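Welcome! Please have a look at the sequence and the model before you start.

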Amino acid sequence: MTASGRIALRGIPASHGVAVGPVVMLDRRRGPVPRHSVEPHEVASEVQRLRAAIEASRQEIEAVRASIGEAAYSDYGPILEAHLLMHRDDLLVDAACRRIEHGRINAEWALRRTVDELKAPLEQAGSGYFRERAADVEHVGEHIRRHLLGERSVLPPVDAPSILVASDLSPADAARLLRSKIRGLVTATGGATGHTALLARALEIPAVVGVVGVLAAVDAGEPAIVDGFSGEVVFRPDAEEVGRAASRASRHMTFVRGLRARHDSPDVTADGLPFEVWANIELPAEAALVAHDQAPGVGLYRTEFLYLGREEAPDEDEQTRVYTDVVSVLAPRPVVFRTFDLGGDKLPTHAAPCANPALGLRAIRLSLVDPEFFRGQVRAILRAAAAGSAKLMFPLVSTLTELRDARALVDQCADDLEREGVAFSRVPIGLMIEVPSAALMAHALAAEADFFSVGTNDLVQYTLAVDRGDARVAGLARNLDPAVLRLLDMTARAADGASIGLSMCGDMASDPVALPVVLGLGYRRLSVALSARPLVREVARRVSLERARGVAEEALAAGTAEEVRALLISAFASDLGDLWREEGIDA
Ligand code: PEP
Ligand code: MG
């Protein structure tokens, strides 16, 4: 039953902006799964039926992928590629076919059980990242189920600018929004890094996800406001509220267009000092977009995303092919390959589960205990480097010994490749500074590394003892805490003293309030998500580095994150206040 008066619900802000319009509903909850056994003579045709549905599903997603424009491809194409890969994945396709053969059950049932089995460990892993990968598996399964049953997915016809309210969208459903008149999006499930959120950001459609109970709260045709800054969704608002939201919506659109129009402006601060904004990528397909955007390079390639939808490590040759593609697409721009950051809140590992994964066998630790596995990746990166410019970076280094051991393995791989006569290039070797011990020992690490890149997501987590994936303590993860700033300062000084490269690739580099202090502490090479580049460049262009240095000095002497924030606001509100306001920051 739907309420009749104004109702405001809250969810997770997933794509900035404000949208106003009547509601269109799409209920995409899991459909029915017929269950029955099959006779031995029916097994072959049942397997055939499943394979045909998988192929039809694959072709449909392929067609959607071919139809999306370049702008949307940036954040969205790679997700569709991952879903296409899942259609070829043995774990899904062969396992479901085997279930029909061995269990003598119908295709829909075999598919459902296989999907549930693949999802279970991802859901149990608990972190947002894994839950979203579980949602990907579910979407692919659901897509194939609809083909098996001959159901068509239908987005209702949308003739006027509207707000779509849905349980969730599969990537193929969502991609159909591209040429529709949907101006705002609300989903009952999903997180800020899920594919629906990525698509909404790519298309610049304001979106709020994870709005519990939304499907029961509204009917099609009723007016709604979506606030993609605050995460508030209002149904049946009054006329005055609608008027305010509409003018806010058009102001934000003008703002985003203005940022884009400054694409060719030089990257120098207000007092004329150069800075660089590189791009972070997760999937190989993003490399072309970085090149198209003319970013100076990839400052963080999260290679562990190669595991998306699979459990087995890709072998050296497969990695060489993928990495070579990335390097050659971007050449002569450099690509910083971060070696696998598996474990912790990241992707599955072959290591036994542990009680405290963030402090367990994660990242470089995992690579070092399995040298064969590590060598495969390092050799692939060195081989790919021959196609252009690459650098190698180790995640979560916490001691000098780890750096030495990892470097020694790289040297050994290079010597082996040379002896074998395989084409490769030696590459600069750096590490992420994302554990407090690494920042404290930065002077010693700097003497044996070619560059540092600071991962503030983990550095904040480990410095303030705040789980980065736990929404209940997210408010304690303050990147402006003086404890974090002091570690950033030590790191920057050590890099400067040893004349090695320094960059920041964690999310603090795209925080428009924190950026002046980041610049003031000496970080003039930033690496951020492609979609964040226009804003980050604009903020940095408006900051006087001299003033930022002064504020950084004061911030280091402050006692709390709130004091640092107040310092930044009073020093930069006149230069950055309009940008902050447009980003919904209350300053
Ligand atoms: C970080 O920790 O800041 C970082 C960039 O790495 P990731 O987010 O992949 O852990
Ligand atoms: Mg990290």
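## Exercise 1: Two crossing helices

α18 passes α21 in a left-handed crossing (the near helix is turned anticlockwise from the far one by less than a right angle; clockwise would be right-handed). Helices are DSSP runs of H or I with at least four residues, strands are runs of E with at least two, and both are numbered from the N terminus. This is a predicted model, in which local features need pLDDT of at least 70 and side-chain atom pairs count only at pLDDT 80 or more, while totals for chains, interfaces and linings use all residues. Residues are numbered from 1 along each chain as its sequence is written, chains are lettered from A and ligands numbered from 1 in the order in which they are written, and side-chain values use heavy atoms, with hydrogens and water left out.

Task: describe how α18 and α21 meet.

Solution: 
- Step 1. Two packed helices are described by the angle between their axes and the distance between the axes.
- Step 2. The axes of α18 and α21 (residues 545-556) come within 9 Å and cross at roughly 125°. Axes here are lines fitted to C-alpha atoms, for helices over the stretch in contact, and angles run from 0 to 180 degrees between N-to-C directions.
- Step 3. α18 and α21 are therefore oblique to each other (under 35 degrees is roughly parallel, over 145 roughly antiparallel, 65 to 115 roughly perpendicular, and the rest oblique).
- Step 4. On the α18 side, Pro-482, Leu-485, Arg-486, Asp-489 and Arg-493 meet Glu-553, Ala-555 and Leu-556 of α21. Contact means heavy atoms within 4.5 Å.
- Step 5. Sorted by class, this contact of α18 with α21 has 4 nonpolar, no polar and 4 charged residues (nonpolar: Ala, Val, Leu, Ile, Met, Phe, Trp, Tyr, Cys and Pro; charged: Asp, Glu, Lys and Arg; polar: the others, Gly among them).

## Exercise 2: The magnesium ion

Task: which residues coordinate the magnesium ion (ligand 2)?

Solution: 
- Step 1. Glu-434 (OE) and Asp-458 (OD) coordinate the magnesium ion at 2.1 to 2.2 Å. Donors are N, O and S atoms within 2.8 Å of the metal (3.2 Å for Na, K and Ca); water is not among the atoms, so sites may look incomplete.
- Step 2. Glu-434 lies in the loop between β13 (429-433) and α15 (436-440) and Asp-458 in helix α17, so the pair ties together parts that are 24 residues apart in sequence.
- Step 3. Glu-434 is buried, at 2% relative accessibility, and Asp-458 is buried too, with a relative accessible area of 2%. Buried means under 20% relative accessible area, exposed over 50%, and partly exposed in between (1.4 Å probe, protein chains only).

## Exercise 3: Backbone angles to look up

Task: where are Arg-104 and Ala-465, and where is Pro-332?

Solution: 
- Step 1. Arg-104 has a phi near 50°, a positive value in a residue other than glycine. Its place is in the loop between α3 (93-103) and α4 (107-124), and Arg-104 is partly exposed at 39%.
- Step 2. Ala-465, which is not a glycine, has a positive phi of about 55°. The loop between α17 (456-464) and α18 (482-497) holds Ala-465, which is exposed at 70% relative accessibility.
- Step 3. The peptide bond from Ala-331 to Pro-332 is cis, with omega near 5°. Pro-332 sits in the loop between α11 (316-330) and β11 (335-338).

## Exercise 4: A covered helix

Task: how many of the residues of α20 (residues 533-542) are buried?

Solution: 
- Step 1. Helix α20 is mostly covered, with 8 of its 10 residues buried.
- Step 2. Among them are Leu-535, Val-536 and Val-539.
- Step 3. The buried residues of α20 pack against α9 (239-261), β9 (276-281), α19 (515-520), β16 (525-529) and α22 (561-582).
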